[in-house]
Amino acid sequence: QSDLLKANLKNRLADHGLQNEVQVLQTGCFGFCEKGPIVKIQPDNTFYVSVEPKDAIEIVDEHILKGRKVEHLLFKDPKNDKRVDDSKHMDFYKKQVRIALRNCGFINPENIEEYIGNDGYAALGTCLENYKPTEVIDLIKKSGLRGRGGGGFPTGLKWEITNKVEADQKYVVCNADEGDPGAFMDRSILEGDPHSVIEAMAICGYCIGASKGLVYIRAEYPLAIKRLKVALEQAAEYGLLGEKILGSDFDFEIEIRYGAGAFVCGEETALIHSMEGLRGEPTFKPPFPSESGYMGKPTNVNNVETFANIPPIINKGADWFAGIGTEKSKGTKVFALAGKINNVGLIEVPMGITLREVIYDIGGGIKDGKEFKAVQTGGPSGGCLTKDFLDTPIDYDNLLAAGSMMGSGGMIVMDEDDCMVSIAKFYLEFTLDESCGKCTPCRIGNKRLFEILDSISQGKGTKEDIDKLRRLSYVIKDSSLCGLGQTSPNPVLSTLDHFIDEYNAHVEHHK
Ligand code: SF4
């Protein structure tokens, strides 16, 4: 649809001899998936939604030639049925604060000059010219940035640990192996703004003393890979990667490594094994990758979204970033908002915003006027939160305390029609498939857990089975080797905690 729309716009402009005066550019994602494809007209900032290829004629003939907005393509505010012509006035965007997604949907990701024209590579220049590596690390520590891949470990501290290890070679790794069901945060950043990640990896290399970077990306992300490759070539052409970057003594290059879609390879040690050509299995920590990682060398691993936050922190200052969010969770978080919600899409919100604001203000409420039942955060490692948590401010600690977790940013909304036993089963089936099989509690425990859950969901379970579910869940959590196994029973436990009536109803059905 979008490719055809773009071609139609170009052809219509050419019909009017305007092909050199009006550019048609393809950007990354604007985030409002529910209303795509989107066409934005600059400089007047008009935002057209749900545009079809055939609409190209009207957009060119009416808007471009006559300056008249195409009314029926403007977003209709469901609150009052009024048409809105600028994204600033749409509820979906009003409460968003875009830092990691700052350029997505606004620049052509395949043109480095557009990135440079929007402060791109200024942070790298500032670091190389004005700061020692330890000073940059102090700045990142002061900003309070925590890893956005799920763990929430302080980024500056991670960099500091790797900086302090002596080695002849160190590595910077970008984890782009996003695998949660319904999550597409990292993919959108790489598709919409690949240079922000490249710039941040170079800054990280400068800070920890690494001359090599590796992006570990899912092979199922062809557009992200294509744009990353174009960006890497352009950065090298402009002297922003390679030897003596920007006239300094700092050398840095980046290679791409492809992942085959194993969820467990999002775990740092499994990811490193996979990059080394070994089976993607986690190992015990310590040693941590910061001491012994890729090829046995000190390695700093951060995910795409974490890196995308780095250049603005350097450009605008640690205090600016630390001024956004809550006491222990600074800045913003990108979420992939999905499920039974009106405005499905990719959003970036300040830490501390409530679930209610995300679901009702930004998300536009539940589809078809149904009742909200639960929201799953943290993907298969997280938990389901009920309406009692709608006013909980979202941050790392509050979500953990509520029995879920931030995770990498998947957020799936369920309505009154969803069976929570089936939801728990869905997530458990996913982790069961994705378990690498290395340790027994995860490999066998999750299989048994699934069998019990399956029997309950088919109305064949007993009260004792419900008790067994809980006990086995704790054994798996306590004895699994890596985060995948340790968190795999979370959807079961959180649904047992909040929706025990539904489990009981399935069991009653058996009697
Ligand atoms: Fe593999 Fe699961 Fe053990 Fe992790 S917990 S090492 S995924 S079997």
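Predicted model: local features only at pLDDT ≥ 70, side-chain atom pairs only at ≥ 80, totals over all residues.
Residues are numbered from 1 along each chain as its sequence is written, and helices (H or I, at least four residues) and strands (E, at least two) are DSSP runs numbered from the N terminus. Local features need pLDDT of at least 70, side-chain atom pairs count only at pLDDT 80 or more, and totals for chains, interfaces and linings use all residues; side-chain values use heavy atoms, with hydrogens and water left out.

**View 1. The parallel sheet S7-S6-S5-S8.** Here four strands make an open sheet with parallel pairing, where pairing takes at least two DSSP bridges between two strands. Strands S7 (253-259) and S8 (299-303) are the edges, each pairing on one side only. From one strand to the next, the twist averages 20 degrees. Look inside for S5 (residues 171-176) and S6 (residues 212-218), joined by six bridges; Ala 176 stands opposite Ile 217 of S6.

**View 2. Helix H5 meets helix H12.** The axes of H5 (residues 122-130) and H12 (residues 304-316) come within 8 Å and cross at roughly 60 degrees. Axes are lines fitted to C-alpha atoms, for helices over the stretch in contact, with angles from 0 to 180 degrees between N-to-C directions. Ala 122, Ala 123, Thr 126 and Cys 127 of H5 meet Pro 311, Ile 314 and Asn 315 of H12, contact being heavy atoms within 4.5 Å.

**View 3. The S9-S10 hairpin.** Five residues separate the two strands of this hairpin. Strand S9 (residues 332-339) runs antiparallel to S10, with six bridges joining them; Ala 336 has Leu 346 as its bridge partner in S10. In S10 (residues 345-350), five of the six residues are buried, meaning under 20% relative accessible area (1.4 Å probe, protein chains only).

Notes. Buried < 20%, exposed > 50% of the residue type's maximum accessible area, 1.4 Å probe, protein only.
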